[in-house]
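Okay, thanks for coming, everyone. Let me put the model up and we'll walk through it together.

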Amino acid sequence: MTTGAQTPRSPARPSRSRLRTFLPLGIAAWLVLEIWLLTVVAGASSGFIVFLLLVAGVVLGSVVIKAAGRRAFRNLTETLNQQQSGTPTEARPGSEGNGLMMLGGLLLILPGLVSDALGLVMLLPPVQKAVSRYAQRTVERKLRDAGPGTLGDAFRQARMHRPDGKVVPGEVVRDDPDDDTPQGPRPPLSR
């Protein structure tokens, strides 16, 4: 049960973004393509071959994710040790790309031949560098367009300008006594 006044519904609904419109359609088309391709391969060879391909993808993806995770943990440990000893940290060659390797391993683990092919392509170093450069340029452009301020300011502004008006900027004032003496036993939290 809610208390208070109902929030008014605006007659003009805000339009959906392209991503929210086309992402579900893209996922559905990708799933249909994966299933169709698996049935074509099973018809051309056998169901056992398709099963072996799927198991091989899961095993290879697990190995790739495990190796990338170990490499990332090793790099983190070396960086922390260097910072604790006071030596300046420098960029090591081959220290980036762990996230993209993990993404490639995840694509290998997902059942389907198209995702396996994308996962194998994602493991190639030139593809990783290209994707990394593209992602870096995109993030830098978005940050440049965002303007000055901290990330907390952005979240606060997003919450304050919600159309439902449920967030009210204000200050919390407590009327607690200054001493930290216990006030007695507290009631249990569960009923």
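So, how many helices and how many strands does the protein chain have? The secondary structure comes to 6 helices and 0 strands, where helices (H or I, at least four residues) and strands (E, at least two) are DSSP runs numbered from the N terminus.

Quick housekeeping. This is a predicted model, so local features need pLDDT of at least 70 and side-chain atom pairs count only at pLDDT 80 or more, while totals for chains, interfaces and linings use all residues. Residues are numbered from 1 along each chain as its sequence is written, and side-chain values use heavy atoms, with hydrogens and water left out.

Now, burial. Of the 191 residues in the protein chain, 14% count as buried; buried is under 20% relative accessible area, exposed is over 50%, and partly exposed is in between, with a 1.4 Å probe and protein chains only.

On to contacts, meaning heavy atoms within 4.5 Å. Taking contacts between residues at least 6 apart in sequence, 57% join residues at least 24 apart.

Let's zoom in on L37, in helix α1 (residues 18-44). Is L37 buried, partly exposed or exposed? Its relative accessibility is 24%, so L37 counts as partly exposed. Skipping neighbours within four places in sequence, L37 touches L113 and V114. L37 and G112 are 75 residues apart in sequence, yet their C-alphas sit 8.0 Å apart in space.

Last stop is R141, which you'll find in helix α5 (residues 125-146). R141 has 40% relative accessibility, so that one counts as partly exposed too.
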